[in-house]
Amino acid sequence: MRAVICRAWGEVDGLELAEVAAPTPGPDDVLIAVKATAVNYADALMTAGRYQTKPDLPFSPGLETAGIVAACGPRVTRLKPGDRVMAILAYGGLAELAVAPAAETFAIPARMSFEEAGAFPVAYISSHVAIRWQGRLEPGETMLVLGAAGGVGLTAVEIGKGMGARVIAAASTAEKLAVARERGADDLVNYATEKLTDRVMALTDGKGADVCFDPVGGELFDAALSALGWGGRILVVGFVGGVQQIPANRLLVKNRSAMGTSLRYFRWHAPDKLRRSEEGKLRPCISRRLPLERSVEAIKLLTDRRAFGKVVVVPELKGD
């Protein structure tokens with residue numbers, strides 16, 4: 001089979017498309033004939049050896065996928081060959097065949113395409129896990145979303161609205177903000193031209209936001225923390241803008257909380273909550289579709305911040 005292979009830690013430019021042996025599912029796994037795999041910023045971190053976990057070399061990036069079950073391990077009873085599924089992976093999605101744990105493989109709704117399904121598990125389930133279980137967002141509260149047109153941020157906008165919150169979307173360009181508005185954002189902040197804290201405080205009549213969903217980090221974290229009201233919760237989801245230091249004294253003053261949230265660890269420690277978060281009915285915004293041989297370009301669209309929504313790699317796609 002064809003697969004995108006990482007043979008040494010480094011930049012994504014070092015990835016190569018190669019013919020490799022097909023993987024074999026374990027007793028509790030399924031083998032999926034891949035139809036679509038969405039790329040994530042974490043693919044670049046994993047390739048560089050800077051992700052929370054480091055696979056043994058060589059490996060294929062790709063943390064989520066969708067396709068058709070090709071084979072099942074002997075202990076798998078819930079799924080069967082021929083089923084249309086989407087799955088959360090440890091890695092391996094940028095290939096024509098991928099192995100996934102059966103417990104983290106879900107049936108694709110009848111009206112959802114493979115491309116939509118391939119872009120669903122990581123972003124939507126990650127966002128819902130963060131917002132519901134960590135942020136404890138309540139109807140009528142205000143949620144600030146940073147990086148609101150990104151693959152994860154855009155899902156947070158949709159989920160926040162679906163949970164009955166007022167959503168303030170923050171991004172760096174008017175084009176990105178327009179996308180967030182289309183997906184349901186109530187108010188917009190361009191943090192390239194406006195002061196984030198001042199704008200949020202003005203929009204909330206000085207009260208501040210109740211929850212901030214932050215997949216960006218870096219310098220924006222400080223401004224977002226200042227934009228939280230009393231009892232506000234900031235969700236640390238990612239570090240596209242760099243890893244920030246959290247000032248504990250500023251948490252204490254307004255009874256604020258800063259909470260890390262990672263889908264990978266929810267999978268291990270709270271699988272019941274993960275399954276309940278999978279029940280959503282939203283569909284991802286897919287901005288680009290690329291063939292397997294252009295996987296490096298697909299990942300760089302994210303790392304260079306040149307894409308909104310999700311970028312999907314389709315092995316059967318020819319050209320773009």
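A polar contact is a pair of N or O atoms within 3.5 Å, where, within protein, one atom must be able to donate a hydrogen and the other to accept it, and where residues adjacent in sequence count only if both atoms are side-chain atoms. The model is predicted, so local features need pLDDT of at least 70 and side-chain atom pairs count only at pLDDT 80 or more, while totals for chains, interfaces and linings use all residues. Residues are numbered from 1 along each chain as its sequence is written, and side-chain values use heavy atoms, with hydrogens and water left out.

**Overall build**

- The protein holds eleven helices and 15 strands, where helices (H or I, at least four residues) and strands (E, at least two) are DSSP runs numbered from the N terminus.
- The radius of gyration, taken over C-alpha atoms, is 19 Å, close to the 20 Å that the globule rule (2.2 Å times the number of residues to the power 0.38) gives for 320 residues, so the protein is as compact as a globular protein of that length.
- Along its principal axes, the C-alpha trace spans about 60 × 40 × 35 Å.
- Of the 320 residues, 56% count as buried, a term that means under 20% relative accessible area, with exposed meaning over 50% and partly exposed lying in between (1.4 Å probe, protein chains only).
- Among contacts (heavy atoms within 4.5 Å) between residues at least 6 apart in sequence, 66% join residues at least 24 apart.

**Lysine 35 and its surroundings**

- Lysine 35 has its place in strand E3, which covers residues 29-38, and is partly exposed, with a relative accessible area of 22%.
- Not counting residues up to four places away in sequence, lysine 35 touches Ala66, Gly67, Ile68, Phe114, Val313, Val314, Pro315 and Glu316.

**Helix H11**

- In helix H11 (residues 295-303), the buried residues are Ser295, Val296, Ala298, Ile299, Leu301 and Leu302.
- The cover over these buried residues includes strand E1 (2-5), helix H1 (41-47), strand E14 (286-291) and strand E15 (310-314).
- Just after H11, arginine 305 takes a positive phi of about 60°.

- Threonine 197 is found in helix H6 (residues 196-203), and a polar atom of its side chain lies 2.7 Å from the backbone oxygen of alanine 223.
- Leaving aside residues up to four places away in sequence, threonine 197 touches Ala223, Ser226 and Ala227.
- Aspartate 205, in the loop between H6 and strand E11 (209-214), has a positive phi of about 55° although it is not a glycine, and at 75% relative accessibility it counts as exposed.

**Other loop residues**

- Asparagine 255 lies in the loop between helix H8 (248-253) and strand E13 (257-260), and its phi is near 55°, a positive value in a residue other than glycine.
- With a relative accessible area of 44%, asparagine 255 is partly exposed, and it touches Trp230, Gly231 and Gly232 when residues up to four places away in sequence are not counted.
- The peptide bond from leucine 57 to proline 58 is cis, with omega near -10°, and proline 58 is found in the loop between H1 and strand E4 (64-72).
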